[in-house]
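Keep the sequence and the predicted model side by side while reading.

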Amino acid sequence: MRALLIGGAMIAMIGVASIFESRATDVFLEATRPDFQKIPLGVVGFRASNGSEWLGSRIEEVLKADLRRSLIFDVVDLPSRGIKVRELKGDEKAVFKQATDNGISVLVWGKAAAKDGGNNTDAHVDAYVYDGGTDEVISGKRYVGATGVARLIAHRFADELVFRYTGEQGIARTKIAYVSEQKGARELFVMDYDGHDPRQVTADGYLNLMPRWSADRRFLIFTAYRSRNTQDIDMIELATGKRWTLISKKGLNITPALSPDGNYLAFASSEDGNSEIYKQDTRTKAFERLTTNQAGDLSPTWSPTGRELAFVSDRSGGPQVYIMSADGSNVRRLTFEGDYNAAPAWSPKGNWIAYVCRTPRREYKICLISPDGQRREQVTTGSGLDDSPSWSPDGRHIVFSSIVDGKSHIYMINADGKDIERITFDGHHNSSPTWSPA
């Protein structure tokens with residue numbers, strides 16, 4: 001069956017004023033350090049016109065959620081501080097002073113209007129930011145698009161706020177690919193990072209598993225079971241649905257992973273009997289076998305530099321996480337605690353490897369270990385089987401699947417184990433999430 005397509009161009013946003021212009025020097029914060037203090041921020045609201053209250057409310061709701069998830073801002077409840085909302089119209093010094101006197105560093109507000117453009121209704125959103133540190137209104141920008149992409153407007157504004165205060169790309173416009181059960185088959189889907197707007201990518205009527213993103217977000221690489229006897233590694237272009245088979249060795253071809261520069265594809269294949277790790281040069285199509293032993297080796301994951309691979313092997317008797325150089329040399333065992341450790345995922349900052357650990361109580365949870373093996377932490381707790389960890393591009397969150405609610409669904413959690421959030425609710429079996437680059 002023909003794959004369902006994901007539309008490429010969803011919205012055109014036009015900035016009529018320069019983004020976050022200010023004579024003040026941007027302060028770039030190291031938001032990953034343990035003592036990082038979130039920036040107190042208040043969202044005043046988006047004043048509506050032309051009966052567009054619903055649009056302003058939606059922008060405000062999504063923006064607040066995005067800013068909370070960024071872990072950069074402490075979104076303050078303004079009424080609890082005695083600050084009136086939905087009343088800012090311009091440069092109102094009294095309100096700004098009241099905010100700074102209450103310890104609120106940043107105020108955000110705007111205007112929202114839905115204008116009928118004939119066949120379509122357009123959303124016009126003006127957004128403003130006041131910075132208490134510089135005592136300036138540092139931003140004035142207009143977003144224009146169809147009203148159906150109001151969430152995307154809020155996501156974009158949130159990402160620009162994160163970039164303003166950290167110098168890093170935000171995650172609000174990132175995507176999560178995953179596997180969903182559809183009429184007995186497993187198909188690939190892509191959704192917004194917060195679980196909204198799921199869109200089907202494949203429609204084979206059989207099994208498509210283990211998706212991974214290309215660095216430019218144009219493609220998904222995955223294992224395709226075209227029949228019970230053939231397991232290939234395919235690639236699909238999201239904007240067009242065009243599809244290629246990349247690996248078609250005999251036996252199993254599973255757990256694909258593209259290098260950060262896209263020049264190499266690591267994967268596991270049972271071509272020679274047991275599962276081994278291979279690497280293909282995506283430019284020359286040449287293959288290189290990286291592991292050679294009687295054990296099963298699979299699930300490669302690249303370090304951010306592309307110089308190393310973590311993978312799973314049962315060469316010690318049970319599945320454990322190992323690290324090797326990208327040419328297959330310098331193999332060393334990384335995990336020693338517990339008799340089952342699998343599904344590694346290297347963090348984008350390189351400081352952690354997430355994986356599935358089996359606890360002494362025989363529960364499968366998400367754990368972290370530093371690449372030198374000196375630090376280990378358990379992220380998830382409680383009942384249920386947790387699987388398939390994948391990092392957000394800012395390294396502050398992990399997405400994973402769990403059957404804690406009876407069926408497998410996708411969850412997001414902070415890397416420190418706080419603020420777990422379920423993000424799929426459609427009632428199907430949802431698993432194998434993978435977070436896109438920013």
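β11 and β12 (residues 243-247) pair in the antiparallel sense, over four bridges. In this predicted model, β11 covers residues 230-237. Its pairings come first, then the protein totals and the other regions.

**β11 and its two partners**

- Ile236 stands opposite Arg243 in β12.
- Five residues lie between the strands in the hairpin of β11 and β12. Within that hairpin, Gly241 takes a positive phi near 80 degrees.
- β11 also pairs with β10 (residues 219-227). Eight bridges join these two strands, and they run antiparallel.
- Thr223 has Ile233 of β11 as its bridge partner.
- The hairpin of β10 and β11 has two residues between the strands.
- β11 is mostly covered, with seven of its eight residues buried.

**The protein as a whole**

- The secondary structure comprises three helices and 29 strands.
- The protein has 438 residues, and 51% of them count as buried.
- Take the contacts with a separation of 6 or more: 44% of them are between residues 24 or more positions apart.

**β17 and β18**

- Strand β17 spans residues 297-302. Five of its six residues are buried, so β17 is largely enclosed by the rest of the structure.
- Its partner here is β18 (residues 308-313). The two strands pair in the antiparallel sense, with four bridges.
- Asp297 of the pair stands opposite Ser313 in β18.
- The hairpin of β17 and β18 has five residues between the strands. There, Gly306 takes a positive phi near 80 degrees.

- Ser275 sits in the loop between β14 (264-269) and β15 (276-281).
- Is Ser275 buried or exposed? Its relative accessibility is 19%, and the cut-off for buried is under 20%, so Ser275 counts as buried.
- A polar atom of the Ser275 side chain lies 2.7 Å from the backbone oxygen of Asp297.
- Leaving out residues up to four places away in sequence, Ser275 touches two stretches of chain residues listed here: Ala268, Ser269 and Ser270, and also Ala295, Gly296, Asp297 and Leu298.

**Glu308, in β18**

- Glu308 lies in strand β18.
- At 24% relative accessibility, Glu308 counts as partly exposed.
- Which side chain makes a polar contact with the side chain of Glu308? That of Arg332 does, at 3.5 Å.
- Met324 is 16 residues from Glu308 along the chain. Their C-alpha atoms are separated by 5.7 Å.

**The open sheet β25 to β28**

- Four strands form an open sheet with the order β25-β26-β27-β28 and antiparallel pairing.
- β25 (386-391) and β28 (421-422) stand at the edges. Each has a single partner strand, so one side of each is left without a neighbour in the sheet.
- β26 (residues 397-402) and β27 (residues 409-414) are joined by six bridges and run antiparallel.
- Ser402 stands opposite His409 in β27.

**The cavity**

- How many cavities of 30 Å³ or more are there? The count comes to one.
- The largest cavity holds about 70 Å³ of space.
- Two elements give two or more residues to its lining: α1 (53-70) and α3 (150-166).
- The lining is made up of Asp66, Leu67, Ser70, Ala158, Asp159, Val162, Gln169, Gly170, Ile171, Ala172, Asp394 and Arg396.
- By class, the lining has five nonpolar, three polar and four charged residues.

Technical notes: Residues numbered from 1 in each chain as written. Heavy atoms only, no water. Buried < 20%, exposed > 50% of the residue type's maximum accessible area, 1.4 Å probe, protein only. Polar contact = N/O pair within 3.5 Å; in protein donor to acceptor, adjacent residues only side chain to side chain. Contact = heavy atoms within 4.5 Å. Pairing = 2+ DSSP bridges. 1 Å grid on protein atoms, 1.4 Å probe; cavity = no way out; pocket = protein on both sides within 12 Å on 5 of 7 lines; lining within 4 Å. Points joined across faces, edges and corners; volume = space filled by probe spheres on them. Nonpolar A, V, L, I, M, F, W, Y, C, P; charged D, E, K, R; others polar.
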